[in-house]
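Subject: Structure handover

Hello,

Here is the structure I said I would pass on. My notes on what was found in it follow below.

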Amino acid sequence: MPTPEAIEATQLSAFIRHCEAAHARRFAEYGDFERWSIEEASKFWTSLLQWSGLRYEGALSPAITDERCEHAHFFPNLRLNYVENLLAAGEAHGSRTALTAVHWDGSVQRWPFSALCEQVAALSAAFQDLGLQPGDPVVLLAHNSAPAVMAALALAALGCSVATAAPDLGAATLLARLAQIAPVLLLTDLSANAAGLMEQRRQRLVELAQALDSLRAVVLLDEGAESLPPLNLPVLSSRELIAQHAQRPLRNWPRLPFNHPLFILFTSGTTGMPKCLVHGAGGTLLEHVKEHRLHCDMSSRDRLFFHTSTGWMMWHWQLSALASGAELVLYDGPISSAASLWRIVADQQVTVFGTSAAYLQLCEHNDAHAIKGLDFGALRAVLSTGSILHPAEQDWVCTHVKVLPVQSISGGTDIIGCFVLGNPNLPAYSAECQCRSLGMDVRAWVPASSGVGELICMNPFPSRPLGILNDPLGEAFHGSYFARHAGCWTHGDLIEFTAWGTAVIHGRTDSVLNVCGVRIGPAEIYRILSDVAEICDCMAVEQHVPGEVGGSRLVLLIVLREDCQLTDELTRRIKQELQAHGSAAHVPSVILPVSELPTTYSGKRSERSARDALNGIESVNAQALRNPQSLEALRRFARLSPGRPEIAASNLRSGRLDEAEMIRIWQGVLGVGGLTGQDNFFDLGGNSLAALRLLASLQRYCQDELTLSLLYDAPTLGGLLEAVSRVRQAPARPGDSLRLLSDTAAGAALFLIHGFGGSAMELRPLARSLRIGAPIYGIEARGFRSDEIPQDRVEDMARAYTADIRVRQPHGPYRLMGYSFGGLVAYEMARTLEQAGESVALVGLMDSTTHERFWPTNARWEFMPRQAYRYLQRVQHSCAGGRDELARELTHGARELLRRVRARSMSRVTLHERPDSLPPNVLRVRQAALVAFANYRPVPCNLPLTLVRSELTLSHQCDPRRIWRALTPALTVIDVPGDHLTMIRPPHLSVLAERISNRLQA
């Protein structure tokens, strides 16, 4: 936590005092000011504009034209010049350094503000003489260099729309972007850091000049014009243009509308063709001034070094820091080692260092000896963005660089700014974004107040793009950012806000995996593996395999340290870590070592490209990758290994099953080598689908049918070998539904009843997490064996299961708990036991509800889906004929819609995997449970019930509290995080287990 003296001295504190005085308000704490900045947004942005000292003309009112983010514009009656405001900070101290350029060969150049102003003014005059007008689109294809900065400023000063791109993009990739904007001028440099690249860039320039009919001229920012072949266009030198106009510079730059187009930024193209986003001058400037001065506390005392390229929005973000008086440190070379950037930080006495989480991860996985002795005395802040920051990178910085917070900031090209970032007045927590960006109502879109959800912004903000180029009706703009959640900006990130106000980014929504119907956030896997020292980087990808049970599998791509190899021991450890700290769903079927992961030019990993390559699909965005060659290894793997490795029939010893044969079978199912008799199936990530494959492979050795209960009782390789041998000699008794999930000798047993799937396996992680000092049994449905008929009545299940548990425990008190559909069975079992005179100590219902036709009458329409509700509203407004006509419409329209929506919703709840990919015996058990659910109507009883309710209740369901309160006089409700499916899985599993354990021990 910063000291009171440090807080008092920040620009944020000064601005808060300004707002208090200007608006007669008192903000007792920062949270009050943040809320005011959102609730009184017009006052906040107007106050910031006035306090910042920016130069403008015109009326401040209105500040915001519309309350809707999609349609709002800021300060429509104001005029300003972006570049005038960037260079104004140096007028009083023209001799102070504005730019420091560090070159890849180690040389350094510096430009004071006075020299920068003169060269920008001269270049502006030259561009004006070339006929450039406000609004003309131009392209800057260059390194992060001083000439690139001067060119961008000179063009923006005239009001041109400047599009930037990284210099290492290929011609086809560039044309996919540039053809959309029809640029009139192309500015580029031909220099390269490796032999052969210069010739490639010359050839690329020729291809661009031939393909872009709109070009009037090419401007070179470095030498090399004499070696170019004829382009049929004027080829000019920026150095010569500056020299020619040095005596007649252009200083009276036009002040243009606040929302005049300034920058054109291209999205990475990871989800399709790159979009051309148009950003306004005033919105960009005002947002950046807010972020630099209030959130980063940047001023003329600072040297900002952000390692970026012109193709990344952080290049524009650093450019705007000139408006706060900061000196920019530029670097135009590659990263030759983990120490490369730290040496620049030390040599140039950088105060604010910006980088990517990927670079910090590279540092964390390499020897820190190379930075020992470097002087980081001036450094006061480290900013990280581009990908998810982990605590290990924060620890590395504090250990080897300096004890200071690494500020995780997140936003993007789409808004040319940040939604969550740092704050000089608040405490910093490892790998967490300190706060929301002021003036932005940023939230996580979840049906409750906490949890991981989609990042949305509910209110207008000035750096919202003006739109997408060539989208006159705004259809593409609406579809990209506003169609998903009406009325608010949807960003595409997964975010979680903590109880203390910080934020954690969990990756992109479009990278969420859906393996066998189970949704997994890749960030969960990456966090777990961040502690595996051998792994430098990793990526989790879903591969569709028709022959696989479930139709898909999880493939983990890993980049190992140079001195490491993927051994059987490392494979085992990776799977055990993911199983122990995640779940069986997080354990990959295949672990594939690769030399590099597909990465975009902005440094982001492209799961989309990897997924396409692994599935044999031509990637739509390969041209957007910095390293498209990384996909070849994935394509090769897809060709050579299209499905799960099967156990060759020639390797099977007919009629015999020994340990060597069992090891071969397990290795084929789990994809892990080096197994021994002590290895546990579940610890290695074995799930229900893997168990079905394993038992199918073992079935050939037994005349009697093998069931999942075999693995519950004998989960180790050696134990299963013995169990199969016993089955061959003494077939299992049909009808025994109990499976021992957790063996503790003392205490009355707890019986967990299965959900719709019929298997107790999904409750095994919960059983192992409970701390109740008693054995825990899972109850499994009839019908998995071919000689059993599935039960399709809750009452029949209750009688059969009650008979089974009384064999193990003849008398009460009994403790029963059912998950989902299993709660109905537990309720009916309790009634059966009570009627038999037995004591029931606990009846637990885990997110259990009844069929909608048995809901309380007044609740049926109260909880209808949003689609049906809106339909009813439309019908009611259109029915002028009164109640009779309205009733007819309801009968034929809304009720049918309600039935269909609820049917689709119920299928999502009850089927965790795709039905068409499940084995027949599993399908028939589930179908029987659905029939039983639809026909069971619980009757009232006097038993006390405990309802464990997920916080994220599904919108199509009635609140289960209303159902159970109508059936019992005593209901205890325990709320747990997550939704119906995720409440029994990490990360919510630990909370669920703790609260159930406390209830059982009460």
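W666 and F681 are both buried. This is a predicted model, and the two residues form one of its aromatic pairs, of which there are 32 by the rule used. The ring centres of W666 and F681 are 5.7 Å apart and the planes stand at 80 degrees, over the 60 needed, so the pair counts as edge-to-face. W666 belongs to helix α21 (residues 659–670), while F681 is in the loop between α21 and α22 (688–698). The two residues are 15 apart, and the pair links distant parts of the chain.

Other aromatic rings

A cluster held together by ring pairs contains F15, F27, F33, W36, F44, W45, W51, F74, F75 and F258. One of these, W51, has R293 over its face, at 4.5 Å from the ring centre.

The whole protein

The protein has 1002 residues, and 59% of them are buried. Its secondary structure consists of 32 helices and 37 strands. Of the contacts with a separation of 6 or more, 71% are between residues 24 or more positions apart.

The sheet of β28, β29 and β30

Three strands make an open sheet in the order β28-β29-β30, and their pairing is mixed. At the edges are β28 (535–544) and β30 (590–593), each of which pairs on one side only. From one strand to the next the twist averages 25 degrees. Helix α19 (residues 607–614) packs on this sheet and touches β28 and β29, with its direction at about 55 degrees to that of β28. Helix α20 (residues 630–640) lies across β28, β29 and β30 and runs at about 140 degrees to β30. Within the sheet, nine bridges pair β28 with β29 (residues 552–560) in the antiparallel sense. In one of the pairings, C538 has I558 in β29 as its bridge partner.

Strand β22 and its partners

How much of strand β22 is buried? Five of the six residues of β22 (residues 452–457) are, so the strand is largely enclosed by the rest of the structure. Strand β21 (residues 442–445) runs antiparallel to β22 and is joined to it by four bridges; here W445 stands opposite E454. β22 also pairs with strand β24 (residues 489–497), again antiparallel, over five bridges.

Strand β7 and its partners

Strand β7 (residues 185–188) points L185 and L187 one way and L186 and T188 the other way, and all of these residues are buried. Strands of a sheet pair through backbone hydrogen bonds, either parallel or antiparallel. Which sense applies to β5 and β7? Strand β5 (residues 137–141) and β7 run parallel and are joined by four bridges, with V139 opposite L186. Strand β8 (residues 217–220) also pairs with β7 in the parallel sense, over four bridges, and there T188 stands opposite L220.

Two helices

Helix α11 (residues 281–295) has 15 residues and is mostly covered, with 15 of the 15 buried. From its first C-alpha to its last α11 reaches 20 Å, close to the 21 Å expected at 1.5 Å a residue. Just after α11, D297 takes a positive phi of about 55 degrees.

Helix α6 (residues 113–129) has 17 residues, and its reach of 24 Å is close to the 24 Å expected at 1.5 Å a residue. Which residues of α6 are buried? They are F113, L116, V120, A121, A122, L123, S124, A125, A126 and F127. An α-helix has 3.6 residues a turn, so residues three or four places apart point the same way. Just after α6, G131 takes a positive phi of about 95 degrees.

Regards

Technical notes:
Residues are numbered from 1 along each chain as its sequence is written. This is a predicted model: local features need pLDDT of at least 70, side-chain atom pairs count only at pLDDT 80 or more; totals for chains, interfaces and linings use all residues. Side-chain values use heavy atoms; hydrogens and water are left out. Two strands pair if DSSP finds at least two bridges between them. Axes are lines fitted to C-alpha atoms, for helices over the stretch in contact, and angles run from 0 to 180 degrees between N-to-C directions. Contact means heavy atoms within 4.5 Å. The expected span of a helix is 1.5 Å times one less than its number of residues. Buried means under 20% relative accessible area, exposed over 50%, partly exposed in between (1.4 Å probe, protein chains only). Rings of Phe, Tyr and Trp (its six-membered ring) pair if their centres lie within 6.5 Å; planes under 30 degrees apart count as stacked, over 60 as edge-to-face and the rest as tilted. A charge sits over a ring if NZ of Lys or CZ of Arg is within 6 Å of the ring centre and within 35 degrees of the ring normal.
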